[in-house]
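Subject: Structure handover

Hi,

Here is the structure I promised to pass on. Have a look at it first, then read on for what turned up.

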Amino acid sequence: MKNSILVLALLASLPLFAAGSMHISGQKSPDEVVEKDGIYTVAPQGKVRIQLYPKSGFAAVYDNADVEVTAEVSGSGNIQLGVHFYNARRAWSGSNASKMIRVDNTETETVKAVVKVNKTGIASVLPLISVISGEVRIESLSLRVAGGVDKNNYKTAPILSGWSYNSGSAIKAALENGTFSLLTGNRQMIEMLAPFQAANAGEKFRITGKITGKGSVSIGLHLYDRRRAWQGTVWQQLKIDGTLSEFPELSVATPAGKNEVVSVRPVIRVNGNSDIAIDALHFSK
């Protein structure tokens, strides 16, 4: 049975552990780290701690973010959980770790620690686990960034009223006094959908509202036939640098070779490296 030591809510999950995919530092002899069937057994023989962290799976973060690091472990020993920091060029920029955590269980248990991104200029992180003493078996290592959005919390994360998440991920989302703010990192994007609206080829949709901040946003219409089978998308990409309150019209058009379009769903895609706030965005004919 797995015992939960600490539970936090509203966190964007990013699993990172896989067999054979870990960097190992501090190891002095082959016996100190043994990997078998996706489980690492770590037993430091001297005073130097042994640290493991994944070779890939960087998670985008923001200044002063809280990162929850989770490991599934068993055995008897002392460990620390933490994160390595990287700048926008993926150059290592330091690390931060939890206080010592005692592991003493023959069965697998889940241990967690919250670590703060306490340096500026940090763009991404990787989780780390340090075995200080004893013999500890590590089955998984993952992290979650507080306030983020991904497929694991689409239904509960903050969003514009009447809209729903469709795909992608973001570092942070917040809804305050009707204004929805969203922060995306490098190689991220998030797509949101409004409810279905009846439409025919040739009709134009007008957009009202305001987008403030800096970044890139694509607005469009997903197109559907009578059976609500997707037939394509009409897109307009907008660069945001300040405040944008005038938007281009979007024309409904049945793509060549596709079924007749009879309904649409307005869509907003916030592209990577964007920090924006959206106020009362509406689509109408």
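Let me start with what a pocket is: on a 1 Å grid over the protein atoms alone, a pocket is an open set of points where a 1.4 Å probe fits, with protein on both sides within 12 Å along at least five of seven lines, and its lining residues have an atom within 4 Å of a point. Grid points are joined across faces, edges and corners, and a volume is the space filled by probe spheres set on the points.

By that definition, the second largest pocket has a volume of about 220 Å³. Please keep in mind that this is a predicted model, where local features need pLDDT of at least 70 and side-chain atom pairs count only at pLDDT 80 or more, while totals for chains, interfaces and linings use all residues. Residues are numbered from 1 along each chain as its sequence is written, and side-chain values use heavy atoms, with hydrogens and water left out.

Now the overall picture. The chain has 20 strands and zero helices (both are DSSP runs numbered from the N terminus: E of at least two residues for strands, H or I of at least four for helices). Its C-alpha atoms fill a box of roughly 75 × 40 × 30 Å along the principal axes. Of its 285 residues, 49% count as buried, where buried means under 20% relative accessible area, exposed over 50%, and partly exposed in between, with a 1.4 Å probe and protein chains only. Taking contacts (heavy atoms within 4.5 Å) between residues at least 6 apart in sequence, 73% join residues at least 24 apart.

Back to the pockets. By class, the lining has eight nonpolar, five polar and no charged residues; here Ala, Val, Leu, Ile, Met, Phe, Trp, Tyr, Cys and Pro count as nonpolar, Asp, Glu, Lys and Arg as charged, and the others, Gly among them, as polar.

The largest pocket has a volume of about 590 Å³. It has 33 lining residues, with Ala59, Ala60, Val61, Ile171 and Gln188 nearest the centre. At least two lining residues come from each of β1 (11–15), β6 (59–60) and β10 (124–146), and β10 gives the most, with four. This lining splits into 16 nonpolar, eleven polar and six charged residues.

What about the nonpolar cores? Such a core is a set of buried Ala, Val, Leu, Ile, Met, Phe, Trp, Tyr and Cys residues joined through side-chain atoms within 4.5 Å. The largest has 37 residues, and Ile79, Leu81, Val125, Ile129 and Ile138 have the most contacts inside it. Strand β10 gives the most to this core, with nine residues. Apart from it lies another core, of 36 residues, including Ala194, Leu223, Leu250 and Phe283.

Rings of Phe, Tyr and Trp (its six-membered ring) pair if their centres lie within 6.5 Å; planes under 30 degrees apart count as stacked, over 60 as edge-to-face and the rest as tilted. Tyr154 and Tyr165 make a stacked pair, because their ring centres are 5.7 Å apart and their planes are at 25°. Tyr154 sits in the loop between β10 and β11 (164–169) and Tyr165 in strand β11, so the pair ties together parts eleven residues apart in sequence. Both tyrosines, Tyr154 and Tyr165, are buried. Trp163 and Phe283 have ring centres 6.1 Å apart and planes at 55°, so this pair is tilted. The Trp163 and Phe283 pair links distant parts of the chain, 120 residues apart: the loop between β10 and β11, and strand β20. Trp163 counts as buried at 11% relative accessibility, and Phe283 does at 9%.

One last thing, on the backbone. Most residues other than glycine have a negative phi. Asn64 is not a glycine, yet has a positive phi of about 65°. Asn64 lies in the loop between β6 and β7 and is exposed, with a relative accessible area of 51%. Arg228, also not a glycine, has a positive phi of about 60°, and is found in the loop between β16 (204–224) and β17 (230–244).

Cheers
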